[in-house]
Amino acid sequence: MHVPDGFLDAPTSTATAVVAIGCVGAALVGARKELDDKTAPMAGLVAAFVFAVQMLNFPVGAGTSGHLMGGALAAVLVGPFTGLLCVSVVLLVQCLLFADGGITALGTNILLMGVATVLVGWLVFKVLQATMPKRLALVPAQAGIAAFASVPAAALLFVGLYAVGGTADISLDKLLTAMIGVHVLIGIGEGIITFLAVGAVIAVRPDLVYGARRVLARRELEIRSEVTA
Amino acid sequence: MRTRWFVAAGVLVALLLAGVVSSYASGSPDGLTKVSEDHGFADTEESRDALLGDYGSVTGVVGVLVVLAVAGGVTYAVRRRGSD
């Protein structure tokens, strides 16, 4: 969903850049609480992994493809603030080295594929965790559903931005239908990839999954109380 | 598995995905690009040349390493020290 230069007008691009800078600034402050000596190496890995998987476009219907955005995945693995930093670094490198996403559109792309997917992904994940049984085995599925929801949310935000500052005079209704339609399909891919990736880390080192910490702490408490009983 | 080994294994997976698996990725336009073509605003794109060229096995590996270094550096700098 990398927005190139020219899709949105200058005022809109400037506004999204300002909001994106504010969000990344907040993430730099918030990430301090999520990162310690043990989890900091995970963040570099998550960013590198998201970059690599974003190269793997999968087909979604005739002549169209999609790829992972990774905001929900990063949020579940390393926390929402650190996750936004990871995706922002990915988008920055793609923009500067690969001309993937416009320079003036960098703020827009950080808002769409970083802030929106992290925010929606993390919110859906937390709601699912709060309403479902507290079991470690459920975390990958919860992350997958959250990731699925995050993609059409980003598409919706794009249409919103286009309504404000799109440079072509096109039907917004048709744009909305087309964007949501294709991104629901891409969201299915996003959900499956996120489910598999979170599941793989949980199978080996569940303590490295930020979103599994509370479930894990609870499980250890239960095991210990059984031992002492 | 120790954290160091886990991270090393993960980086290796990322390098393999970018360097090898990426050759099998779909070459079709992505969702937004396709929508822009179908709905008549693809021509508003102002494209430019990429510093590293297109995504390929070599440039993909370079990209993974650059992202690892930048993201690792940023998060290493903002972490709480000595908390281990």
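Modeller: Start with residues 176-204 of chain A. This span is 100% helix and 0% strand, and its end C-alpha atoms lie 41 Å apart. Helices (H or I, at least four residues) and strands (E, at least two) are DSSP runs, numbered from the N terminus. The model is predicted: local features need pLDDT of at least 70, side-chain atom pairs count only at pLDDT 80 or more, and totals for chains, interfaces and linings use all residues. Residues are numbered from 1 along each chain as its sequence is written, while chains are lettered from A and ligands numbered from 1 in the order in which they are written.

Colleague: Which residues of chain A does UniProt list as "transmembrane region"?

Modeller: The unreviewed entry gives 12-31, 43-60, 72-99, 106-125, 145-164 and 176-204. Such annotations may be inferred rather than shown by experiment. Take 72-99 of chain A: the span is 93% helix and 0% strand, with its end C-alpha atoms 24 Å apart.

Colleague: Why are α4(A) and α5(A) called roughly antiparallel?

Modeller: Look at the angle. Helix α4 (residues 80-98) and helix α5 (residues 106-131) of chain A pack at about 150°, with their axes 9 Å apart. Angles over 145 degrees count as roughly antiparallel, so α4(A) and α5(A) qualify. Their crossing is right-handed, a label for a near helix turned clockwise from the far one by less than a right angle.

Colleague: What makes the contact of α4(A) with α5(A), and how do its residues divide?

Modeller: Among the residues in contact are A:Leu84, A:Val87 and A:Leu91 of α4(A), and A:Ile110, A:Met113 and A:Trp122 of α5(A). Being in contact means C-beta atoms, placed from the backbone, within 7 Å. The residues divide into 12 nonpolar, 4 polar and no charged. Nonpolar covers Ala, Val, Leu, Ile, Met, Phe, Trp, Tyr, Cys and Pro; charged covers Asp, Glu, Lys and Arg; the others, Gly among them, are polar.

Colleague: How do you know whether A:Ala99 is buried or exposed?

Modeller: Count neighbours. A:Ala99 has 20 C-beta neighbours inside 10 Å, so it counts as buried. The cut-offs within 10 Å are 20 or more for buried, 12 or fewer for exposed, and partly exposed in between. A:Ala99 sits in the loop between α4 and α5 of chain A. It has a positive phi of about 50°, although it is not a glycine.

Colleague: How many residues does each chain give to the contact between chain A and chain B?

Modeller: Chain B gives 53 and chain A gives 58. On the side of chain B that touches chain A, α3(B) gives the most, with 13 residues.

Methods
Axes fitted to C-alpha atoms, helices over the stretch in contact; angles between N-to-C directions. Parallel < 35°, antiparallel > 145°, perpendicular 65-115°, else oblique. Contact = placed C-beta atoms within 7 Å.
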